[in-house]
Amino acid sequence: MSAPLLEVEGLSVRFPTRNRVVEAVRNISFSVGREKVGIVGESGSGKTMTGRAVLGLIRPPGIVEARKMQFDGTDLLALSEREYRSIRGNRIAMVMQDPKFSLNPVMTVGRQIAEAYQVHTAASRSEARLRTLEMLEAVRIRDPERVFGAYPHEVSGGMGQRIMIAMMLIPDPDLLIADEPTSALDVTVQMQVLAIVDDLVSQRGMGLMFVSHDLNLVASFCDRVIIMYAGQIVETCKASELHKAQHPYTRGLLASLPRVDQPIPRLSTLTRDEAWKTEPGVDARIL
Amino acid sequence: MPASSDTALLIEHLDVRFGKHEDEVHAVRDVSLSVRRGESFGLVGESGSGKSTVLRAIAGLARDWTGRISVDGDDLGPKRTKAFYETVQMVFQDPYGSLHPRHTVDRTLSEPGRIHEVENIDERVNELLRDVGLGPEFRFRYPHQLSGGQRQRVAIARALMLEPKILLLDEPTSALDVSVQAEILNLLQRLKAEHKLTYVLVSHDLSVIAHMCDRMAVMNAGRVVEEMTVDQLRRAEPSHNYTRQLLKASLGYDRAAVDALETFD
């Protein structure tokens with residue numbers, strides 16, 4: 001296999017506070033090729049911070065350290081803020097979790113998406129408008145013309161999420177980091193949006209980092225899964241083999257899910273073992 | 001649907017509207033349901049299907065409704081009485097929003113007791129905390145000192161203060177991590193058995209409904225499209241296409257199935 005799109009070695013993210021240093025991500029190594037990699041974990045496991053670190057979005061006093069962070073031949077650690085901007089949004093894009101806080105409230109949806117396109121290409125305004133309408137249609141928005149002229153507060157949460165996805169996909173990124181991109185969507189819309197992303201991966205060879213807490217979804221959607229706990233990677237496996245996971249944390253998570261297909265008298269709950277925090281993490285790179 | 005003596009909750013031809021004139025939204029359309037005493041009844045549907053609005057109409061939070069709602073054989077009027085709240089209580093979706101940020105757990109739990117002149121409030125608060133798996137050390141904490149799961153336990157304890165018979169649960173675990181969800185669902189099942197409660201559970205998650213309920217109604221665009229038992233759901237025999245699609249989508253991602261999705265209005 002050729003070099004992966006993204007290779008990360010020994011990444012740590014720390015936030016010093018008054019009393020102690022919070023270690024959000026602790027020495028993790030992983031890679032993303034032209035594939036769908038799911039990053040699963042509960043709140044506070046460091047999955048979101050991992051995505052933000054790759055995009056260079058951790059601001060001081062937050063500290064990012066890594067032995068290596070390489071994206072398609074570029075050393076991300078050596079980039080200046082200016083150089084990072086030419087990659088961020090253009091070659092690596094990120095869909096954030098909450099459209100309410102990620103869209104500009106005083107700019108119409110259409111202008112925001114068109115801007116994302118124009119910043120990264122030399123397109124004219126009318127060309128950008130056309131591409132934007134196409135993109136809105138691609139994310140299954142029924143009336144693109146109306147939504148183009150709408151402000152973020154005029155659209156529903158699910159629609160906002162699809163607008164974000166359209167905005168992130170319009171510059172044609174090589175790597176998409178999606179942080180719980182579909183958690184606010186109804187299951188059927190969720191499936192449709194995932195299909196769009198899926199097609200981009202299989203047809204254009206985009207890489208996808210899919211951050212989620214939904215184990216069933218990741219198992220059925222992704223190619224590979226990385227399981228994070230307390231800032232570390234505790235396990236990694238093929239998505240199709242997630243049900244055979246070995247780590248007690250992963251097993252515990254799987255066992256705590258209610259099921260449609262069979263009755264369970266009592267759901268098993270997770271007993272967290274302090275040792276999980278101290279045992280060495282797993283290297284999730286495929287080179 | 002005749003109201004027999006073991007019917008805890010009966011809804012007939014319920015319509016709920018919001019707004020006026022051209023802005024009017026007809027959120028619930030001609031919904032009829034009956035929930036037996038001691039049963040767990042699920043309402044499932046996507047956002048905007050009207051499932052939460054049905055609960056809010058029962059609880060008296062959505063005022064513009066027509067039709068018939070009757071609890072324990074008594075028809076409800078436009079206003080809810082004190083006695084109603086001693087029978088029916090509600091637990092909300094977001095434990096970060098449903099607890100007053102500047103009230104301690106103690107104040108949150110004792111308030112309904114004071115309004116309804118419950119005796120030995122002090123004892124009841126301790127009992128409730130024990131009941132929901134929180135120790136007495138949580139009594140004087142503020143919501144920001146609690147995790148999401150602990151907050152939801154407090155919200156459940158508050159709902160139990162007046163020893164109601166029916167609990168309306170509006171997406172009680174959708175804001176929680178899966179491991180915490182499992183703890184809360186287990187707690188709800190234990191409390192139901194111990195206090196002989198009747199549940200009406202609203203969720204968008206079919207697996208939660210299947211786990212908790214005996215019977216369920218599927219809602220779409222304000223209407224009940226199908227009512228069935230959870231056993232029927234498990235045997236994958238929903239008769240309505242909408243339910244079948246919902247079931248399929250909740251089992252996981254399937255690229256081929258996506259192209260076959262239909263829109264139901």
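In this predicted model, strand β8 (residues 175–179) of chain A runs parallel to β9(A), and five bridges join the two. Within that pairing, A178(A) stands opposite F210(A) of β9(A). Strand β3 (residues 36–40) of chain A also pairs with β9(A) in the parallel sense, again over five bridges. There, K36(A) has L208(A) of β9(A) as its bridge partner.

Strand β9(A) itself spans residues 207–212 and is mostly covered, with six of its six residues buried. The cover extends to both faces: G207(A), M209(A) and V211(A) are buried on one side, and L208(A), F210(A) and S212(A) are buried on the other.

**C222(A)**

C222(A) sits in the loop between α9 (215–221) and β10 (224–229) of chain A. It counts as buried because 26 other C-beta atoms lie within 10 Å, and the cut-off for a buried residue is 20 or more. Leaving aside residues up to four places away in sequence, C222(A) touches K36(A), V37(A), G38(A), F210(A) and A239(A). One of these, V37(A), is 185 residues away from C222(A) along the chain, yet their C-alpha atoms are separated by 5.8 Å.

**The sheet of chain B**

Chain B contains an open sheet of six strands in the order β6-β7-β8-β3-β9-β10, with mixed pairing. β6 (88–91) and β10 (223–229) of chain B stand at the edges with a single partner strand each, so one side of each has no neighbour in the sheet. From one strand to the next, the twist averages 20°.

Strand β3 (residues 40–45) and strand β9 (residues 215–220) of chain B pair in the parallel sense over five bridges. V44(B) stands opposite V218(B) of β9(B). Helix α1 (residues 51–59) of chain B packs on the sheet, where it touches β3, β6, β7 (166–170), β8 (198–203) and β9 of chain B. The direction of α1 makes about 145° with that of β7(B).

|---|---|---|
| β3(A) and β9(A) | five bridges | K36(A) and L208(A) |

**Helix α3 of chain B**

In helix α3 (residues 105–115) of chain B, the buried residues are V105(B), T108(B), L109(B), S110(B) and P112(B). Their cover includes α4 (121–131) and α5 (148–160) of chain B. Just after α3(B), E117(B) takes a positive phi of about 50°.

The axes of α3(B) and α5(B) come within 8 Å and cross at roughly 25°. That angle makes α3(B) roughly parallel to α5(B), since angles under 35 degrees count as such. The crossing is right-handed. On the α3(B) side, V105(B), T108(B), L109(B) and P112(B) make the contact, and on the α5(B) side V154(B), A157(B) and R158(B) do. These residues divide into five nonpolar, one polar and one charged.

**Contact between the chains**

In the contact between the chains, 29 residues of chain B meet 32 residues of chain A. On the chain B side, α6 (178–195), α7 (206–212), α8 (230–234), α9 (241–250) and α10 (255–258) each supply at least two residues. The largest share, six residues, comes from α6(B). By type, the chain B side holds 14 nonpolar, nine polar and six charged residues.

Terms used. Residues are numbered from 1 along each chain as its sequence is written. Chains are lettered from A and ligands numbered from 1 in the order in which they are written. This is a predicted model: local features need pLDDT of at least 70, side-chain atom pairs count only at pLDDT 80 or more; totals for chains, interfaces and linings use all residues. A residue is buried if 20 or more other C-beta atoms lie within 10 Å of its own, exposed if 12 or fewer, and partly exposed in between; C-beta atoms are placed from the backbone. Helices (H or I, at least four residues) and strands (E, at least two) are DSSP runs, numbered from the N terminus. Two strands pair if DSSP finds at least two bridges between them. Two residues are in contact if their C-beta atoms, placed from the backbone, lie within 7 Å. Ala, Val, Leu, Ile, Met, Phe, Trp, Tyr, Cys and Pro count as nonpolar, Asp, Glu, Lys and Arg as charged, and the others, Gly among them, as polar. Axes are lines fitted to C-alpha atoms, for helices over the stretch in contact, and angles run from 0 to 180 degrees between N-to-C directions. Angles under 35 degrees count as roughly parallel, over 145 as roughly antiparallel, 65 to 115 as roughly perpendicular and the rest as oblique. A crossing is left-handed if the near helix is turned anticlockwise from the far one by less than a right angle, and right-handed if clockwise.
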